[in-house]
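Welcome! Take a moment to look over the molecule below, and then we will walk through it together.

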Amino acid sequence: MTQAIKPRIMIIGAGAMGRLWAAYLHTAAEVWFATRSVSGPKIDYPMRDATGSRHSISVPVWVRERGLPDCILVMTKAPDAEAALAPFDALLSTNTLLSTDIPVVLFQNGMGSQRTIVERYPGVPIIAASTTEGAYIAPDGLLVHAGKGITWVGGLNAIAQSQAEAAVNYLGLSGLTVAQDNDIEGRLWQKLAINAGINPFTALLDCPNGEILGNGYFEQRIGGVCEEVSTLMNARGRPIPAATLEAQVREIANRTATNSSSMRQDIRAGRQTEIDMMNGFVVRESEALGLSAPVNRELTTAVRALRHTKA
Ligand code: KPL
């Protein structure tokens, strides 16, 4: 009897998101982790899925002899994405037939890191994903799938347009909800506005998302954050009123009230934050266009200055 060949999916980064996707993909696909933080043949971890059931997950670590994957998922934090891909330069940087066939899917928050990677690998289909799946690693190492969401996927460069559907199919093997978005950049901008309006406040006030609402520090600044993001989006051909952005920030902070934002988690774990890809991106892009973004600048400076205090 012939066995069906499973697609080979390499996941770069074994944080909460990487582990979540590996856990859901590893029966339908041949999944490998590529990570600098773990040496050894495999990564084993317990997982609690969204229904509360527990599973033991075991995922092999990629070694050169395993050859090429069919798809690469980059699941590191935004500031680490470029360096995490670098060991695969030989595989990706030449305009070979192989690299044009391997979709590289970027899961990073914020904006800026995607563009750097698109420019670095012109011959490779670079795809962005924006997900609302919620996952974290509990202090005892348990991966918790905290909330089901949806993952939108779309091509960032011309060569990726024909590969976006393939990426949706690979990710869809997980059984999680995955859909194609032909304007993924628009979705990334929207997500950026939400993150810029929630994440720095939760980090600075050290509180869950819902508690920023009504707090004086947040209330005095959120109008300015949204004005500046709206002005920038308008200048970049994506007009949206500041009041609409602010309503969305409040609605999502309310809907995710008990969440600890990714930036607050980063600060608490002593990790580098994604502030430079969120409010810092707004500042850089605005200033490059001759606009100013003083409130986003103030928040960027304040988050950078936060001392990493382990919870
Ligand atoms: O995306 C998020 C994050 O924490 O990075 C929000 C939307 C703020 C949810 O926690």
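How far is an oxygen atom of the ligand from an N or O atom in the side chain of asparagine 209? The distance is 2.9 Å.

## About the model

What you see is a predicted model, where local features need pLDDT of at least 70, side-chain atom pairs count only at pLDDT 80 or more, and totals for chains, interfaces and linings use all residues. Residues are numbered from 1 along each chain as its sequence is written, and side-chain values use heavy atoms, with hydrogens and water left out.

## Around the ligand

Let us stay with the ligand for a moment. The residues around it (those with a heavy atom within 4 Å of it) are Asn109, Lys191, Asn195, Ile198, Asn199, Asn209, Asn259, Ser261 and Ser262.

An N or O atom in the side chain of asparagine 195 is 3.1 Å from a ligand oxygen atom, and for the side chain of lysine 191 the corresponding distance is 3.4 Å.

In contact (heavy atoms within 4.5 Å) are 18 residues of domain 1 and 18 residues of domain 2.

Between them, the two domains bury about 1600 Å², with 56% given by carbon and sulfur atoms. Buried area here is the accessible area (1.4 Å probe) that two parts lose on being put together, summed over both. On the side of domain 1, Lys77, Asn109 and Met111 lose the most area to domain 2, together 41% of what that side buries. Asn109 is also one of the residues around the ligand.

## Salt bridges

Side chains of opposite charge can pair when their charged atoms come close. A salt bridge here is a side-chain nitrogen of Lys or Arg within 4 Å of a carboxyl oxygen of Asp or Glu. The whole structure has 18 of them, and three salt bridges are counted between domain 1 and domain 2.

In another salt bridge, the side chains of aspartate 181 and arginine 187 meet at 2.5 Å, N to O.

How values were computed. Polar contact = N/O pair within 3.5 Å; in protein donor to acceptor, adjacent residues only side chain to side chain.
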